[in-house]
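Good morning, and thank you for making time for this presentation.

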Amino acid sequence: MENINRKNCPNCGAPITTEICPYCNVATGLDTQNADMEYPVIECKEAHIGFWNVAFPMIFAVSFGFFGFVFPILFLMIDTEMFGFTILMCLPFALIGIIAFIIAMKPLIRYFSIKNKGQEINAIVYGYMDDNILINGNPAKIVKLLVDTNDGKKFILYQLGDIKQPFKINSQIRLKVYKDIFLIENKKQYYFE
């Protein structure tokens with residue numbers, strides 16, 4: 001593991017242990033995985049809507065729901081004697097369909113809650129980390145954001161659900177917050193090449 005105590009800021013030369021130099025406020029290039037957590041971390045529930053957190057589970061909900069709910073009704077029209085057996089065989093499909101539907105609805109509920117009740121705040125992008133989730137064999141990214149709260153400065157580790165790093169280090173972005181739910185506003189405007 002890299003010894004972070006020997007790193008110096010490329011701008012002012014001060015010793016650094018974080019992604020942004022505390023002396024000159026310039027991005028240091030230090031990997032977020034090796035950086036110190038200067039502030040406490042707030043638990044973050046993301047409210048963004050995407051393919052992997054809404055559409056993908058909804059595909060399972062519809063397909064398994066069909067075999068769990070619609071198929072027994074269709075089978076009842078054909079053969080009423082086997083209906084009880086059919087219900088038992090379709091029960092696992094129905095349960096998977098219900099669970100997938102709940103998984104798909106959670107981000108939607110968070111999204112509409114934060115859109116209706118959320119407050120806008122500013123955050124500073126500190127760095128990126130790899131998430132446990134793989135997308136096409138590449139790890140999705142978590143962005144480390146610094147926000148001001150009533151209790152002082154705190155970090156948010158926001159799962160982007162994407163392999164891209166859309167924000168420049170040390171840039172300021174807008175968030176909406178409601179309780180422990182966060183949403184990066186207009187994420188597409190921040191993408192850079």
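I shall speak about the nonpolar cores, the aromatic rings, one glutamate and the cysteines.

First, the basis: this is a predicted model, in which local features need pLDDT of at least 70 and side-chain atom pairs count only at pLDDT 80 or more, while totals for chains, interfaces and linings use all residues. Residues are numbered from 1 along each chain as its sequence is written, and side-chain values use heavy atoms, with hydrogens and water left out.

Let us begin with the cores. By a nonpolar core I mean a set of buried Ala, Val, Leu, Ile, Met, Phe, Trp, Tyr and Cys residues joined through side-chain atoms within 4.5 Å. Buried means under 20% relative accessible area, exposed means over 50%, and partly exposed lies in between, with a 1.4 Å probe and protein chains only. The largest core here has 20 residues, and Val143, Leu145, Ile156, Tyr158, Phe167, Leu175 and Ile184 have the most contacts inside it. At least two of its residues come from each of β3 (119-135), β4 (138-149), β5 (152-159), β6 (172-178) and β7 (181-184). The largest share, 4 residues, is supplied by β7. Strands such as these are DSSP runs (E, at least two residues; helices are H or I, at least four), numbered from the N terminus. A second, separate core has 5 residues, including Ile16, Cys21, Leu30 and Ala35.

Contact means heavy atoms within 4.5 Å; leaving aside neighbours within four places in sequence, Tyr158 is in contact with residues including Cys44, His48, Val143, Leu145 and Ile184. Cys44 is 114 residues away along the chain, yet the two C-alpha atoms are separated by 6.5 Å.

I turn to the aromatic rings. Rings of Phe, Tyr and Trp (its six-membered ring) pair if their centres lie within 6.5 Å; planes under 30 degrees apart count as stacked, over 60 as edge-to-face and the rest as tilted. By this rule there are 11 aromatic pairs. In one of them, Phe66 and Phe67 are edge-to-face, 5.3 Å centre to centre and with 80 degrees between the planes. Phe66 is partly exposed at 36% relative accessibility, and Phe67 is partly exposed at 40%. Both belong to one aromatic cluster, together with Phe51, Trp52, Phe56, Phe60, Phe64 and Phe93.

Why is the pair of Tyr126 and Phe155 called edge-to-face? The ring centres are 5.1 Å apart and the planes are at 70 degrees, so the pair meets that description. Tyr126 lies in strand β3 and Phe155 in strand β5, so the pair ties together parts 29 residues apart in sequence. Tyr126 and Phe155 are both buried.

Lys144 lies over the face of Phe155, 4.4 Å from the ring centre. For such a case, NZ of Lys or CZ of Arg must be within 6 Å of the ring centre and within 35 degrees of the ring normal.

Is Glu19 buried or exposed? Glu19 is buried, with a relative accessible area of 2%. Its side chain makes a polar contact with the side chain of Lys144 at 3.0 Å and with that of Thr32 at 3.1 Å. A polar contact is a pair of N or O atoms within 3.5 Å; within protein, one must be able to donate a hydrogen and the other to accept it, and residues adjacent in sequence count only if both atoms are side-chain atoms.

Finally, the cysteines. How many disulfides does a search of the whole structure find? The search finds 0 disulfides, a disulfide being a pair of cysteine sulfur atoms within 2.5 Å.
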